[in-house]
Amino acid sequence: MTKHAPIIAGCDYFLHGGDYNPDQWLDRPEIIDADFRLMRLARCNTFSVGIFAWSVCEPEEGRFEFGWLDRIMDRMAEAGNKVFLATPSGARPPWLSAKYPEVRRVDRHGIRDTYRERQNHCWRSPVYREKVREINRRLAERYAGHPALAAWHISNEYNGDCYCELCKKAFREYLERKFGTLENFNRRCWTSFWSHRYGDWSEIEPDDPCMDAVALEWRRFATEQVCDFMRWEIDAVRQHSQHPVTTNMMGFFQGINYYRIAELCDFIADDRYPGWCDARDFASAASESAMIHDLHRTMAKKPFVLLESTPSNLNWKPFYRLKRPGLHRAEELLAVGHGADAVMYFQFRKGRGGSEKLHGAVVDHEGSENTRVFRDVAEVGEILEKIGEVRGTMTHPEVAVIYDWDSHDALLVSQGPSATEVKKPCETILQHYRAFWELNIPVDVVESTADLSAYKLVAAPMLYMLKPGVAENLRKFVAGGGVLISGYLSGYVNEDNLVFEGGLPGDGLRELFGIRQEELDGLTPDDRQFFRVTAANSLNLTGSHAVRDYAERIHPEGAEVLAEYVRDFYAGEAALTVNAYGQGFAYYQAGRSDLDFLLTFYGKLAKRHGIRRLLTTPAGVHATVREGEGKRYLFVYNFARGSEMFHTALRGRSLIDGSELTKEVVLPRFGSQVYRLEDEDVPERN
């Protein structure tokens, strides 16, 4: 397995840095001088520049001022730093809104927004598109050959809807392209409901809550809008520069299907701010971050960039908690262990005003290197230099978890079953992922249409929608020897959000799982339902386990029953089954369980089906691995409540401090290490 090429051509090292906003300090040259000194001390080498600098680059229409940016770019080059130069479309200048009101978004009630905040532009406005194209073109023309330029940071955190007539017209044109005729649209979107049968495309309104198929198409259209706008921006840059392009995603953000955005990026970049403010379960925040990192590593099958994180606290979380000693190092190495070849921060220096003046940064308002946070950042920079040989390596999991934006959107726009806050498709998948995280089983995170042939086991919890080809993909995977896990609220609807006829799960999955779903019981918080494993079951499961929120009544049609419900009128009915299908097995979990059961369940599956666990560790202690060019690197972290110890037969040496990986390893709270393993002691992948 060879290494991947560097994210920036010629830079065979980890990137470390962050958002830098010198445009806020142009009247204070001594501050900018200090910043370049502090960049070196913080061991930072890469910076995103110009993200919100449009009003400085073009203070009035047609008058461009790039002299300040010339000086910053030159100084970056002199310092040996690299720049992700941003296109500034994420925050337009006031003069643009004042002179051209059409660029401002219209809300769902038909009211045009005032000038405020950011990412507030109409996606279809011809004026806005031309203004964006012009400034992007000028930036690319001016800096394409600059030695500091590494990549283009296209806009910033794309998001939001516009309901102006231009956007509604574009939506109707999108529907006409997709469905061809109104007759086809009316049939597939079930518009006979509540007398909604349309006689003209112009009659279709995107904001009609009773038409969930239309609501789903609006969400898909929102993704198409953003992709179209992003292509517009990239095209303007590409006229003069062939440097790589990316944009910063936001984890599991609901509103844009990031799989489609990823297709436009030369490398994946993400913003990640874990919920450390909730001190009850640091492992939960860490496992959520790890899953998001795995998603972005899997998207392009190569290392990604953590483009934004914070070295300190957050001004927009419920509690303004400081990172505890060791936590910053663990957080950034967690990203690296799960595939990042760059860790960067928002922001390098705190501003004095605006809504982000109290957001964490490398350099505090105090302005020097003499802070705990600065030392934490410098330590990470030093560690990244020490572990440089890890750059370009990858993780090759035997397990995949399916995370599908379309499926989640279809469930969330549907009225029922139960309230939106009970559905929790994202949280449910995170809980399944958490079990693998605790078991130290590496995971890829994939779309439902992905090729599954590389995996031994695939978890597809709450796969509510089956797009064309997905059911066949799952059947092929299992028939070829794969292990599939799914369950309640899976296989309910097709791509148009229409429920399958002929019994659930639909589209042939009833045969795959060997069960028929009859009905779904939505449990209230005070309901007490359990399932009890059968006396003799093929996984050697034991005991009773709580069921919450959802409990499907299912009937075996060839499947083996592993567990049965304990209470209510359906006591004694199947709650967990397995069906042999071809050379593989399909497991169906009919009720939502707690993490404790999933840990046991997936642990048993791993043992039965020969899936590799890297280490056995206490709860909250996590291990992952990267490999390439015959070398393997073990990352270990402690996100538990205190110091923890584990045992291992692996041998290796720390790239950070040179210590040996011994049979007995003790990690303090928030401790983290990176070991180069000795090959003969590392099990080969199956």
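I looked up Trp 194 and found 62% relative accessibility; exposed means over 50%, so Trp 194 counts as exposed. The model I am reading is predicted.

I placed Trp 194 in the loop between helix 7 (182–188) and helix 8 (212–238).

Next entry: strand 16. I listed its pairings. Strand 16 (residues 544–556) pairs with strand 14 (residues 515–522) in the antiparallel sense, over seven bridges. In that pairing I find Asp 521 opposite Ala 551 of strand 16. Strand 15 (residues 529–533) runs antiparallel to strand 16 and is joined to it by four bridges. Strand 20 (residues 591–593) also pairs with strand 16 in the antiparallel sense, over three bridges.

I followed Val 547 of strand 16. Its bridge partner on one count is Gln 529, and Val 547 also stands opposite Ser 593 in strand 20.

Last entry: the cores. The largest nonpolar core has 178 residues, of which Met 76, Ile 387, Phe 601, Tyr 602 and Phe 639 touch the most other members. Helix 10 (residues 282–300) gives the most to this core, with nine residues. Another core, of 18 residues, lies apart from it and includes Leu 182, Phe 185, Cys 210 and Trp 218.

Which residues is Phe 639 in contact with, leaving aside its neighbours within four places in sequence? I noted, among them, Trp 276, Phe 282, Leu 327, Trp 437, Gly 620 and Phe 670.

Conventions. Residues are numbered from 1 along each chain as its sequence is written. This is a predicted model: local features need pLDDT of at least 70, side-chain atom pairs count only at pLDDT 80 or more; totals for chains, interfaces and linings use all residues. Side-chain values use heavy atoms; hydrogens and water are left out. Helices (H or I, at least four residues) and strands (E, at least two) are DSSP runs, numbered from the N terminus. Buried means under 20% relative accessible area, exposed over 50%, partly exposed in between (1.4 Å probe, protein chains only). Two strands pair if DSSP finds at least two bridges between them. A nonpolar core is a set of buried Ala, Val, Leu, Ile, Met, Phe, Trp, Tyr and Cys residues joined through side-chain atoms within 4.5 Å. Contact means heavy atoms within 4.5 Å.
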